[in-house]
Amino acid sequence: MTAAAPRTPRTHAEASRESRDLVSGEVRPRETMIRFVAGPDGWVIPDLAGRLPGRGLWVAADRSSVETAARRGLFSRAARAALRADPDLADQVERLLLRRLLEGLGLARRAGELVFGFEKVLAALSGGRAAWLIEALDGAADGRRKILGAARKASPTPGLTGLWTGEELSLALGGENVIHSAFLAGRGSDRWTWDVQRLSGFRPLVPDSWIEATPPT
């Protein structure tokens, strides 16, 4: 998945949710961007939730844009102040997004918006209720193949991530040996999708070997 393309706002309300990318100069929906602010020590800080005080410095949510903004001093230019950006700023954003997404799964589980376990995930797929499949990186290939086969027949077809190990998912979801999980369609999954789309600009959502092993639909 890739971030949505820039578009022209149609209403004042829509315009208030858009900002100009420091790198390209394009006005984009904020859901497709990363907000940064200047910290008290003059370092550039990622603000994924968009809640930190200070003027927002917005960059398209992809590795190349963030690296370019840091390398070319575009944060300082936009802020009209001397700011410092770590060379690994894009890596910081990736790590923060991964943590934010994992925490979001835990919240969804507690809100009843996520199920895990082979049979429960299959039921969510057959009922067309799954917005996302979250598969453990270290899960058995056979089980994953069966789940993905069911996903290809589901309508609508859910998204797929393979970003965390079974241990990481188990800790986040409060379960044991969590390998297969499904984020159910709803407002919670819509919000989670925005962050998944942003993360896709920094790293693949699934290992290449999964794509190669999955027959085309």
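Reply: A definition comes first. A pocket here is an open set of grid points where a 1.4 Å probe fits, with protein on both sides within 12 Å along at least five of seven lines. Its volume is the space filled by probe spheres set on those points. The model is a predicted one.

Start with the volume. The largest pocket holds about 700 Å³ of space. Its lining counts 25 residues. Nearest its centre lie R100, R191, W194, D195 and R198.

Eleven lining residues are nonpolar and eleven are charged. Three are polar.

Strand β3 (33-38) supplies at least two lining residues. So do helix α4 (89-110) and helix α8 (187-199). The largest share comes from α8, with six residues.

Two of these suppliers, α4 and α8, also pack against each other. Their axes lie 10 Å apart, at an angle of about 155 degrees. Angles over 145 degrees count as roughly antiparallel. The two helices are therefore roughly antiparallel to each other. The crossing of α4 past α8 is left-handed.

The contact can be read residue by residue. From α4 come E94, L97, L98, R100, L101, G104 and L105. Facing them in α8 are W192, D195, V196, R198 and L199. By class, this contact has seven nonpolar residues, four charged and one polar. Compare the names with the pocket. R100, D195 and R198 belong to the α4 and α8 contact, and R100, D195 and R198 are also among the residues nearest the pocket centre.

Helix α4 has another partner, helix α7 (residues 166-173). Here the angle is about 45 degrees and the axes are 8 Å apart. α4 and α7 are therefore oblique to each other. The crossing of α4 past α7 is right-handed. L102, L105, G106 and R109 of α4 meet E168, L169, A172 and L173 of α7. Five of these contact residues are nonpolar, two are charged and one is polar. L105 of α4 takes part in the contact with α7, and L105 also takes part in the contact with α8.

R80 sits in the loop between α3 (74-79) and α4. Its phi is near 55 degrees, a positive value in a residue other than glycine.

Helix α5 (residues 118-126) packs with helix α6 (residues 141-153) at an angle of about 15 degrees. Their axes are 9 Å apart. Angles under 35 degrees count as roughly parallel. α5 and α6 are therefore roughly parallel to each other. α5 passes α6 in a right-handed crossing. On the α5 side, the contact uses F118, V121, L122 and L125. On the α6 side, it uses G143, K146, I147, A150 and A151. Seven of these residues are nonpolar, one is polar and one is charged.

P156 lies in the loop between α6 and β8 (159-161). The peptide bond joining S155 and P156 is cis, with omega about 0 degrees.

Back to the pocket, then. Its lining draws its largest share from α8, and α8 is roughly antiparallel to α4.

Technical notes. Residues are numbered from 1 along each chain as its sequence is written. This is a predicted model: local features need pLDDT of at least 70, side-chain atom pairs count only at pLDDT 80 or more; totals for chains, interfaces and linings use all residues. Side-chain values use heavy atoms; hydrogens and water are left out. Axes are lines fitted to C-alpha atoms, for helices over the stretch in contact, and angles run from 0 to 180 degrees between N-to-C directions. Helices (H or I, at least four residues) and strands (E, at least two) are DSSP runs, numbered from the N terminus. Angles under 35 degrees count as roughly parallel, over 145 as roughly antiparallel, 65 to 115 as roughly perpendicular and the rest as oblique. A crossing is left-handed if the near helix is turned anticlockwise from the far one by less than a right angle, and right-handed if clockwise. Contact means heavy atoms within 4.5 Å. Ala, Val, Leu, Ile, Met, Phe, Trp, Tyr, Cys and Pro count as nonpolar, Asp, Glu, Lys and Arg as charged, and the others, Gly among them, as polar. On a 1 Å grid over the protein atoms alone, a cavity is a set of points where a 1.4 Å probe fits but cannot get out, and a pocket is an open set with protein on both sides within 12 Å along at least five of seven lines; lining residues have an atom within 4 Å of a point.
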